[in-house]
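Please walk me through this complex, one site at a time. Begin with what surrounds the ligands, then move on to where the chains meet.

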Amino acid sequence: MSISSSGDTLHLEADVLIIGGGLAGTWAAAAARQAGASVILADKGYCGTSGVTATAGPGHWWVPPDPPELRENAIRNRQKSGFGINDPEWMARVLAKTWESLPTLHGFYDFSKDETGATRYRELRGPEYMRALRKIVDSLGVTVLDHCPALELLQRPDGSVSGARGIRRQKGGAWQVNAGAVVLATGGTSFLSRLLGSHTNTGDGYLMAAEAGAELSGMEFTNYYTVALAGTNMTRSMSYAFATYYDEDGNRLPIPPGPDIIRPLAAAMLKGKVFCDLSRTPEDIRAKVPIISPNFMLPFRRWDIDPYRDKFEVTMHGEGTVRGIGGLRIVSEDCGTSVPGLYAAGDAATRELVAGAISGGGNVNSAWAVSSGQWAGEGATRFAVRQRGRDSGRPIGQAGLRPVSQHAVDLRATLSVVQNEMLSYDKNIFRAGEKLKRSGEVLDDIWKIFRAHALGNGADVLRTRETAAMLATARWSAASALARDESRGMHQRDDRPQTDARLEHRILVGGLDKVWTSGDRSRPLELAS
Amino acid sequence: MIELILEERCAACNKCVEICPTNVLAIAPDRIPRIARQEECETCFMCELYCPHDAIYVGPDCEKPQPVDKGAILVSGLLGEFRRNHGWDEWANDPHYTNEHWQMENVFLRARDLVKAGQ
Ligand SMILES: Cc1cc2nc3c(=O)[nH]c(=O)nc-3n(C[C@H](O)[C@H](O)[C@H](O)COP(=O)(O)OP(=O)(O)OC[C@H]3O[C@@H](n4cnc5c(N)ncnc54)[C@H](O)[C@@H]3O)c2cc1C
Ligand code: SF4
Ligand code: SF4
């Protein structure tokens, strides 16, 4: 049964449809509702536990407005570390929006006080934060559809987006929402690496948007990795600030402290197993770790490892566009994409505007999700007001939904090709033009087959679309990394070790059957509009 | 991955079925929920957090099932530890489990200072 022939479809209407109920989606839903829209929010999993926020504990980019030098300095420093492709005006907007937004969680999130008695807004614990946001959207009267992944967008004859359809994986059957405008808040994708909390983030929003004609940006910045105890997904990095790393023979590895551990660790892991202990952690911090990050110690406790004493094997999980930074291109202050009626927020959108060419983890990403979510929710509301009718558009999903001719396609094998090209240290961390070219060719070949023949049936339809989305995302990433014929920020090309001043701009990418890239030279215009 | 739902403790409220992000669990009529799709489990521990009766055990292995002995788990003290450390539900006002997450930034600064001090 393909979804288009399904008889039992739940039909709903709203001014604004939000797809994805993580950090950005819930802020978007709240903002749209407060702007007066009727709002439906659909999440693949459960809004409140799904997504990478719920299992983490985001520290936001949080700088007081006074004295003004504080923000000026923060922005100047971030411009330097972002290698010239972020934008000071967007940074200022995000700092201001985040500052005014977090205190509005009072009554829903139980903020901690520090030893001076001051309320701490900056770092919020993931499960509590997402639980609070769920309560907020419920209390505002947002209709939440849990376990309702979106599979495809609907598009009006004028090209604007008018809703989406998907499946109800617990209740059975399909859903369709006809809406005035749509916000994509489907998160980034780590290509189903074992990154904590990322299992429902398979890049669906990128694919759905591209089918409507949207462009992406910054997709070369997809090579951030995070350490975890081998065999687990516990990619919480705080405690690893005290890590000491060893090779198989117990020799200490000269890994420099700080954020630049990815390349040296990957080099060591390509040679053999790498071990670690956390013995440098001060005693008082050890005692507090379980009430700072309660999930961090779970795997150690359950495997009876004392990380402060024992050496344990570590691995690194690729983060793709999660703590990488590429995503849908933003063309307006209200986080519009290049398709009318379609808005993007959080990790579904590029974070280059604020993060620049380095990871937005640790501060920028969550501040961006909070801010872009609300801008997108408000932008979608304004669009919906102008769009009077709520007639259904045409469903436009392609790969995995409307094949040219149906033949069985091996989803597992397809995913393992994608993962091999996008996650392996050798190809993705130690990048080189030749390797990237080959990746692009391999991925193009399987795309052709997938696009022509894959059809998701019954319960398989979701995994089929997810696989299509990861495959498409991988192609955009490989093409962008090839087009960025230099090294900049996290994107390091072994064959082009220098930064090239001519490439101090963003790289746009798009296309389904044929992937294209181009330089984005319109940067200063974005906020002038 | 999720390994156990303990009949001894489970009240069949089905909260875990509702909140599992990857739809691993299924409601079983007049019974405790079923681990219907273990291979879909993303080892997020959210079901442990949301289970009011500490009836769930999630193993650390995120790649493959790793069966555990139910009797040993029941007496291990591990059940409910996560929920307690979170100060979730009835633990919310217990002074041992206040939310110290805000210290994250200080911890990173301490690590940096150690490096500066050459330790
Ligand atoms: C371990 C870890 C720690 C982090 N720490 C920090 C930090 O300290 N500071 C910081 O700034 N950033 C941090 N980040 C990054 C930050 O968490 C993300 O940038 C932020 O969560 C993005 O929010 P989001 O709403 O875009 O994505 P998510 O919170 O991941 O939400 C995406 C949602 O979309 C849903 N979805 C996906 N596909 C579909 C579909 N087809 N239909 C319907 N719904 C769908 C998913 O189920 C999910 O609920 C961290 C990330 C990780 C992994
Ligand atoms: S949440 Fe706990 S008590 Fe409720 S059904 Fe699940 S395991 Fe049983
Ligand atoms: S650990 Fe997470 S994914 Fe696994 S069963 Fe529990 S809630 Fe579901």
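By class, 13 nonpolar, 19 polar and 5 charged residues make up the shell around ligand 1. Here Ala, Val, Leu, Ile, Met, Phe, Trp, Tyr, Cys and Pro count as nonpolar, Asp, Glu, Lys and Arg as charged, and the others, Gly among them, as polar. This is a predicted model, in which local features need pLDDT of at least 70 and side-chain atom pairs count only at pLDDT 80 or more, while totals for chains, interfaces and linings use all residues. Residues are numbered from 1 along each chain as its sequence is written, chains are lettered from A and ligands numbered from 1 in the order in which they are written, and side-chain values use heavy atoms, with hydrogens and water left out.

Stay with ligand 1. It is surrounded by 37 residues, the closest being D43(A), T53(A), N201(A), D204(A) and S366(A). A residue counts as near if one of its heavy atoms lies within 4 Å of the molecule or strand in question. Several polar contacts can be picked out; the term means a pair of N or O atoms within 3.5 Å, and within protein one must be able to donate a hydrogen and the other to accept it, with residues adjacent in sequence counting only if both atoms are side-chain atoms. The side chain of D43(A) places an N or O atom 2.7 Å from an oxygen atom of ligand 1. For T200(A), a side-chain N or O atom is 2.8 Å from a ligand 1 oxygen. V52(A) uses its backbone instead: an N or O atom there lies 2.9 Å from an oxygen atom of the ligand. Taken alone, ligand 1 exposes 1000 Å², and the protein buries 98% of that. These accessible areas come from the Shrake-Rupley method with a 1.4 Å probe; for residues, only the protein chains shown count as cover.

Which element gives the largest share of this shell? Helix 10 of chain A does, with 4 residues. Helices (H or I, at least four residues) and strands (E, at least two) are DSSP runs, numbered from the N terminus.

Now turn to chain B. Ligand 2 has 14 residues around it, and the closest are C10(B), C13(B), N14(B), C16(B) and C51(B). Its shell divides into 11 nonpolar, 2 polar and 1 charged. Around ligand 3, the residues include C20(B), C41(B), C44(B) and C47(B). That shell has 9 nonpolar, 2 polar and 1 charged residues.

Next comes the interface. Contact (heavy atoms within 4.5 Å) links 59 residues of chain A with 48 residues of chain B. The area buried between the two chains is about 4900 Å², with carbon and sulfur atoms giving 57%. Buried area is the accessible area (1.4 Å probe) that two parts lose on being put together, summed over both. T49(A), I291(A) and R302(A) supply 14% of what chain A buries against chain B, more than any other three residues.

How many salt bridges run between chain A and chain B? There are 7, each a side-chain nitrogen of Lys or Arg within 4 Å of a carboxyl oxygen of Asp or Glu. One of them joins E105(B) to R120(A), with the closest N and O atoms 3.2 Å apart.
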